[in-house]
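Here's a quick walk through some aromatic side chains and the helices around them. Have a look at the model first, then read on.

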Amino acid sequence: MHQSRDERRSEASAPPHLTPAVLATLALLGAVAPLATDTYLPSFPQVASDLHASESSVQLTLTLFMIGMGLGQLFWGPISDRRGRRGLLLWACALFVAASVVAPMSTSIGMLVAMRFLQGFTGAVGPVLGRAVARDLASGLALARAFSLLGIITSLAPIVAPVLGGLLADPIGWRGILWVVAVIAVLMLVSSFTMVPESLPPGRRQPGGLRDIVRSAGDVLTDLPFVGYTLTQSFGIGILFSFISGSSFVLQNEYGLGSTTYALLFALNALALILGGVFNTRFLGRYRPTSLLRIGLIASIIASAATATVTLVTSEPPLWVLLPLIWIASLCNAPIMANTTTLGLQRHARNAGMAAAVMGAIQSALAGLIAQMVSITGSASAVSMTLVMAGSAILAGVAFVALCRRDEVGEQEA
């Protein structure tokens, strides 16, 4: 049976499927933040010593990276709705490579902070277009499972990165570690070129210029359930970034752990994210995404509040008490991340790039500010770290209850 010319043209112009190879590449793109930060977290004290900088100045290399990620997503996402995904992805990855090459050559903390900001701005293309491409190619339960699987794969980065950073901190130093990040940046560029297709054909792109971009942003920002999912996710990831930002100083300076031991404990915490993602994937279909999100939020609030309470009571609790509570909070964070992404982006199929950009930008900006709050007094401590974790968890719950509990669109489609 012969196909008509229109049928062949329709097949040729149909968007590709979300294959395992594409999914794995999107996971690598989404891992840009942990790969570019967690590898050199164990070297924070070394950076402070070599560049004669304060702890808060060194933490600015994390904060400005995350703020750059937020601004970058607002730049790349909306443009991709109008210009397509693939071309922008390749250009931005190339610029990320350039910034990653200059960063290890920094001669001052100011130069390093600036390069880290540029890394964040250009590397932001990975997570924002990764989410947009996934939304282009999948919907409903398939999209929920895709984001859950992406979370599992992406969580490998926080396991490998700090262990690698801890093992390399002494032999090659923080500059050598940043050169490793540059190599990873090249791998991201090559993978994007060979694996990621154009998922948004010309017929599905948004027309118009700046005025239409502003209107599209307004549509997304005035959607209260979407804003609620975004804030829930942002404060949820703030729990993780409180630990990420403060753990290097707290565990190595207060508890006297070496960089390798710290990296291994950090990896165990990251393993919790993978297990949480596995549980979320297994229960999707049996339970609705909102139900899994509620469970994750409640458990995360309880664990984070318990962590802060123990620290306030004992000032410096034993690690066998502190770390398991943090581990539980991380385990419960996986369903928060996956299901808020699914339910939020499900509401904006035609503006997937803008929606992903707004979600990622707010998440990155809040995560960066929350991370800086850990050292607001000038240095990080177990008390400040756990208090910020608990505050973030509570705010995540408040955002969900206030803005998301009556959402029906996402539930019907997911």
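Phe 226 is buried, with a relative accessible area of 1%; buried means under 20%, exposed over 50% and partly exposed in between, using a 1.4 Å probe and protein chains only. Phe 226 belongs to helix α12, residues 224-254; helices here are DSSP runs of H or I with at least four residues, numbered from the N terminus. Between Phe 226 and Pro 335 there are 109 residues in sequence and 17 Å in space, C-alpha to C-alpha.

A word on the ground rules: this is a predicted model, where local features need pLDDT of at least 70, side-chain atom pairs count only at pLDDT 80 or more, and totals for chains, interfaces and linings use all residues. Residues are numbered from 1 along each chain as its sequence is written, and side-chain values use heavy atoms, leaving out hydrogens and water.

Now for the rings. How many aromatic pairs does the structure hold? There are 4 aromatic pairs, where rings of Phe, Tyr and Trp (its six-membered ring) pair if their centres lie within 6.5 Å, and planes under 30 degrees apart count as stacked, over 60 as edge-to-face and the rest as tilted. Two of these pairs look like this:

| Pair | Centre to centre | Angle between planes | Type |
|---|---|---|---|
| Phe 75 and Trp 76 | 4.8 Å | 80° | edge-to-face |
| Phe 283 and Tyr 287 | 5.8 Å | 55° | tilted |

Phe 75 is partly exposed at 37% relative accessible area, whereas Trp 76 is buried at 6%. Ring pairs also bring in Phe 121, making a cluster of Phe 75, Trp 76 and Phe 121.

Phe 283 sits in helix α13, residues 259-283. With 25 residues, α13 reaches 37 Å from its first C-alpha to its last, close to the expected 36 Å (1.5 Å times one less than the number of residues). After α13 comes Gly 285, which has a positive phi near 100°.

Phe 283 and Tyr 287 also belong to a nonpolar surface patch, along with Leu 268, Leu 271, Leu 275, Val 278 and Phe 279, and together these residues have about 570 Å² of accessible area.

Finally, Arg 86 puts its charged end over the ring of Phe 193, 5.3 Å from the ring centre; that label needs NZ of Lys or CZ of Arg within 6 Å of the centre and within 35 degrees of the ring normal.

Methods:
Patches are made of residues with over 30% relative accessible area and no salt bridge: like charges are joined within 9 Å, nonpolar side chains (Val, Leu, Ile, Met, Phe, Trp, Tyr) within 5 Å. Accessible areas come from the Shrake-Rupley method with a 1.4 Å probe; for residues, only the protein chains shown count as cover. A salt bridge is a side-chain nitrogen of Lys or Arg within 4 Å of a carboxyl oxygen of Asp or Glu. Helices (H or I, at least four residues) and strands (E, at least two) are DSSP runs, numbered from the N terminus.
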